Amino acid sequence: MTERTFSIIKPDATRRNLTGKVNAVIEDAGLRIVAQRRIKMTEAQAKKFYEVHAERPFYGELVEFMTSAPVVVQVLEGDNAVARYREVMGATNPAQAADGTIRKLYAESVGENSVHGSDSAENAKIEIAQFFTDADIVG
Ligand code: GDP
C-alpha cells in the first residue's frame, strides 16, 4: 500500500552537513522524497509539533534543540512508508539502533538523533499538514 510519512532531518544532522547522506539512506530504502524544504523552526512551531511530549522532562530541551539550527522537513512516499521509515531510522536511542539505520550511522544521542519520522499514518497526515500544503507535494 502506497502511503506518505513525514520526516525531519534534525539540527544535529544539518549542522554536520549530513542532509545528502541521510537522503541517500532514505532513497536507497525505496522511499521517494516528494516534498522537501529547509527551514528554521520557530519556537511556536517546535512546541506545537512536540506537544504530545509537553509533560515529559525533556520537552524544553527538545524544543530548544529543534530550534537551534535549520531542519529539513520532508514528505516521503512509498510502500508502507510509515513503518518502512521507522525501520530505516532505527531506535530512538542510537546505542540501540540496528546496523545500517540512519540513527546508528549518524545520531549523536537519544535527544540529538538526526531524524524524526511519524509513528502512524494518522499522525503523518497531521504532521504533513503542519508544514506543507497539497500543492507542495509532487508525487
Ligand atoms: P521517536 O519517535 O523515535 O523520535 O521517539 P519519541 O517519540 O519517544 O521522542 C521524540 C523525540 O524526543 C526523540 O526523537 C528525541 O529527539 C527526543 N527525546 C526522546 N527521549 C529523550 C530523552 O530522554 N532526552 C532528550 N533530551 N530528548 C529525548
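The ligand has around it Lys10, His53, Phe58, Glu61, Leu62, Arg86, Thr92, Arg103, Val110, Gly111 and Asn113, where a residue is near a molecule if one of its heavy atoms lies within 4 Å of it. The model is predicted: local features need pLDDT of at least 70, side-chain atom pairs count only at pLDDT 80 or more, and totals for chains, interfaces and linings use all residues. Residues are numbered from 1 along each chain as its sequence is written, and side-chain values use heavy atoms, with hydrogens and water left out.

By class, this shell holds 3 nonpolar, 4 polar and 4 charged residues; Asp, Glu, Lys and Arg count as charged, Ala, Val, Leu, Ile, Met, Phe, Trp, Tyr, Cys and Pro as nonpolar, and the others, Gly among them, as polar.

| Protein atom | Ligand atom | Distance |
|---|---|---|
| Lys10, polar side-chain atom | oxygen | 3.0 Å |
| Thr92, polar side-chain atom | oxygen | 2.6 Å |
| Gly111, backbone N or O atom | oxygen | 2.8 Å |

Of the 550 Å² of accessible area that the ligand has on its own, the protein covers 79% (Shrake-Rupley method, 1.4 Å probe).

The structure also has 5 aromatic pairs, meaning rings of Phe, Tyr and Trp (its six-membered ring) with centres within 6.5 Å; planes under 30 degrees apart count as stacked, over 60 as edge-to-face and the rest as tilted. The ring centres of Phe6 and Phe49 are 5.7 Å apart and their planes stand at 55°, so this pair is tilted.

Definitions and conventions
Polar contact = N/O pair within 3.5 Å; in protein donor to acceptor, adjacent residues only side chain to side chain.
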